[in-house]
Amino acid sequence: MNGKRYEGHTFRLLPGAGPEGKPSYVLGDGTGPVSRMAASIDSIRLGMAGDLLDHAADLLADRKVTGVELHFLASRLSESLREVLQVAEHRGARPDANSLDADSEGPVRRDP
């Protein structure tokens, strides 16, 4: 478990949003029941993302797929990507896009 550290403890971003859509955190050493439940949810989300990618490959290989089916797939892929990015943030693996620049070797942030 990764996260921001404070006086020997770690703040871990929890899955989902708290009241008013704000992020929720748990403070601890990462071994408590809330941290374990959050890690379990993250694992489920990653597994579901893999299953969805397999389904997407099958659906895209089908020449008779409809626009409605593609729209549904795109919606689910968007939801899944959002969750995977949140898992990466939980684990401290998501880069800070604001700190990256064109001279770095990492991804470059592009504003719409």
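Tyr25 is located in strand 3 (residues 25-28) of a predicted model; strands (E, at least two residues) and helices (H or I, at least four) are DSSP runs numbered from the N terminus. With a relative accessibility of 47%, Tyr25 is classed as partly exposed, the class between buried (under 20% relative accessible area) and exposed (over 50%), for a 1.4 Å probe and protein chains only. Together with Phe11 and Leu27, Tyr25 forms a nonpolar surface patch of about 290 Å² accessible area.

Asp42 belongs to helix 1 (residues 33-61). Its relative accessibility is 0%, so Asp42 is counted as buried. Beyond neighbours within four places in sequence, Asp42 has contacts (heavy atoms within 4.5 Å) with Arg12, Pro15, Val87, His90 and Arg91.

The chain contains three strands and two helices, in the order β-β-β-α-α from the N terminus. Of its 112 residues, 18% are buried. Of the contacts between residues at least 6 apart in sequence, 45% link residues at least 24 apart.

The mean pLDDT (the predictor's confidence in each residue, from 0 to 100) is 79, and 74% of the residues score at least 70. Over residues 104-112 pLDDT remains under 50, and the model has five contacts beyond four places in sequence for this segment. Where pLDDT is low, predicted coordinates should not be read in detail.

Residues are numbered from 1 along each chain as its sequence is written, and side-chain values use heavy atoms, without hydrogens or water. Local features require pLDDT of at least 70 and side-chain atom pairs count only at pLDDT 80 or more, whereas totals for chains, interfaces and linings use all residues.

Notes
Patch = residues over 30% accessible without salt bridge, like charges linked within 9 Å, V, L, I, M, F, W, Y side chains within 5 Å. Areas by Shrake-Rupley, 256 points an atom, 1.4 Å probe, with all protein chains shown as cover. Salt bridge = Lys/Arg side-chain N within 4 Å of Asp/Glu carboxyl O.
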